Amino acid sequence: MDFLTTYIVLAEIYVLLGLSTNLLVGIVGIFSVSQAAVFGVGAYLTAFLLMHTALPFPVAVLLAAALCVGLNILVTLPSLRVSGDYFVVTSFGIQLLATAVFTNWTGGTGGANGLPGVPAPMILGHEFLEPTEFIALTTIGMGLGCLCFWLMMRAPFGALLRAIREDELAVAALGKSVLGAKVSAAALAGAFAGSAGGLYATFLSFVDPSSFDLDASIFLLTMVVVGGARTLAGSVLGPFVLLALPQILALIDIPTSIAAAARQLIYGLLLIVFMLFRPQGLLGEKL
Amino acid sequence: MSAYLQVSGLNKRFGGLQALRDCSFTVGQGRITCLVGPNGAGKTTIFNAITGFLVPDTGHVEFQGRSLDGQSPQQIVRHGIARTFQNLRLFADLTARDNVLAGMQDHVGEGPLGAIFRPFHTARALAGKRDAAMAVLAHVGLEDRADALVRNLSYGEQKLLCIARILATGAELLLLDEPTSGLSGAALTEVMALLRRLQSEGKTLLVVEHNTRVVQQIADDVLFLHHGHLLAHGSPAEIIADPKLAEIYFGGTL
């Protein structure tokens with residue numbers, strides 16, 4: 001039973017990341033391959049605050065989310081100057097930079113060994129130790145994230161972001177601020193990724209650089225591609241489907257050393273197959 | 001009395017090409033002014049300079065006595081000037097109505113905080129904007145196509161939608177870049193009728209137009225541009241009667 005609960009908790013955390021990635025890549029068309037880096041900063045900061053200060057869990061996560069808002073605006077700003085393919089390269093650089101910092105800043109991040117012993121969240125004197133308790137937190141987090149996403153997409157803000165993806169120049173010609181809308185979207189994507197980081201660090205009680213590297217960023221893109229770009233349903237379905245894959249592989253009796261490679265292989269194949277035969281994903285629109 | 005739109009001494013050089021050369025003209029309020037000239041004469045460059053998409057090397061643009069120099073495209077729309085594009089630049093994956101909505105200047109719900117924390121206020125505002133958008137679509141005769149995606153509209157419908165989208169901004173001065181190009185028959189007649197109707201409602205139109213028949217039928221004033229310089233201005237009859245201009249326009253050199 002714990003197995004299933006752990007799966008749901010992780011999938012719910014990744015839904016927040018799916019929303020973050022879908023907002024930038026799917027809706028605004030800022031092709032970021034560094035969302036895992038922002039996720040990582042949220043995780044590390046929450047872990048650090050809970051281990052070294054007396055700040056309560058909600059405050060630590062809020063601070064982490066706030067930092068990620070600022071950070072994501074900064075890393076997205078180049079998209080105002082360079083567009084399309086050029087931004088992907090910039091974003092790739094940002095991801096490599098972040099991995100280098102996570103791996104080598106031993107004083108802050110514990111380096112390659114990571115930070116073990118992140119305390120479990122404590123809210124109003126209650127400690128969320130077990131996955132069966134933690135699931136309440138991630139469900140609330142995911143629910144809030146989905147609600148925000150849904151409200152934004154049905155508001156004129158959603159239409160504005162979609163219009164920007166199609167033609168920034170035309171949006172400017174209609175008297176709208178492209179800069180303002182992009183910064184807002186980046187801020188929200190940062191808030192989603194940062195709070196996902198906080199939940200992730202406290203759930204696993206351990207953070208290390210391997211969860212936030214380029215592979216992780218590509219995994220986030222795979223979630224969006226498979227689930228479906230630009231829709232709430234796609235952002236929710238993607239993580240649940242992709243995180244189920246390792247569990248299914250675990251049921252088949254293959255050695256763990258092969259399982260990891262098989263997983264990468266399947267993610268890669270999924271990306272190719274979906275792009276070729278179903279670019280709109282399971283429940284989305286064409287990217 | 002100052003002109004409604006006054007363009008004075010515009011110069012713009014792109015590398016070795018002098019796109020605009022000491023270009024000056026005025027546009028009278030409530031009139032349809034056609035900007036004509038051979039390809040590469042600088043017509044679209046003038047549009048870009050007026051609407052803030054291009055900063056001229058020298059020169060000034062004044063609208064209703066106020067300087068537009070150094071203003072962004074966004075600010076210029078707020079002054080009441082909006083433009084269409086020769087290559088349309090519609091949002092192809094949005095519906096006709098959402099394209100019109102994108103032009104509206106009521107900014108309620110266009111930020112994330114309003115959308116999230118004032119959902120009911122946003123929903124009410126959106127309902128109002130939808131009605132207003134329908135009215136604009138009806139005005140150009142596209143009310144039946146409100147929910148169609150732009151890429152499923154005919155070319156003529158897309159041309160009309162371009163005009164609807166800038167009407168939604170509430171602009172008084174409309175800059176239309178070849179609104180009739182590629183159209184013929186009923187679609188052409190429809191666009192021409194719309195332009196006249198807009199004029200009768202008090203709008204001022206500056207129109208880039210290639211079709212001399214259209215110019216003859218809709219223009220009050222004609223500006224003839226050649227090599228980025230205003231070569232002549234006058235009534236359509238005067239411009240068309242000038243053999244020198246006809247020579248330039250129909251393939252001669254000067």
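Among the 157 residues of the largest nonpolar core, those touching the most other members are C68(A), A185(A), A196(A), L35(B), I81(B), L161(B) and A164(B). Such a core is a set of buried Ala, Val, Leu, Ile, Met, Phe, Trp, Tyr and Cys residues joined through C-beta atoms within 7 Å, where buried denotes 20 or more other C-beta atoms within 10 Å of a residue's own, with C-beta atoms placed from the backbone. Domain 1 (1–80 + 171–254) and domain 2 (93–165) of chain B each give residues to this core, so it lies between them; the domain bounds come from an automatic or database domain assignment.

The model is predicted: local features need pLDDT of at least 70, side-chain atom pairs count only at pLDDT 80 or more, and totals for chains, interfaces and linings use all residues. Residues are numbered from 1 along each chain as its sequence is written, while chains are lettered from A and ligands numbered from 1 in the order in which they are written.

Beyond its neighbours within four places in sequence, I81(B) is in contact (C-beta atoms, placed from the backbone, within 7 Å) with I50(B), T51(B), F63(B), I76(B), A171(B), L173(B) and L175(B).

Chain B also holds an open sheet of 4 strands, ordered β2-β1-β4-β5 with antiparallel pairing; strands are DSSP runs (E, at least two residues) numbered from the N terminus, and two of them pair if DSSP finds at least two bridges between them. The edge strands, β2 (17–27) and β5 (66–67) of chain B, each pair on one side only. Within the sheet, β1 (residues 5–14) and β4 (residues 58–63) of chain B are joined by 5 bridges, and N11(B) stands opposite T58(B) in β4(B).

Methods. Buried ≥ 20, exposed ≤ 12 C-beta atoms within 10 Å, placed from the backbone. Contact = placed C-beta atoms within 7 Å.
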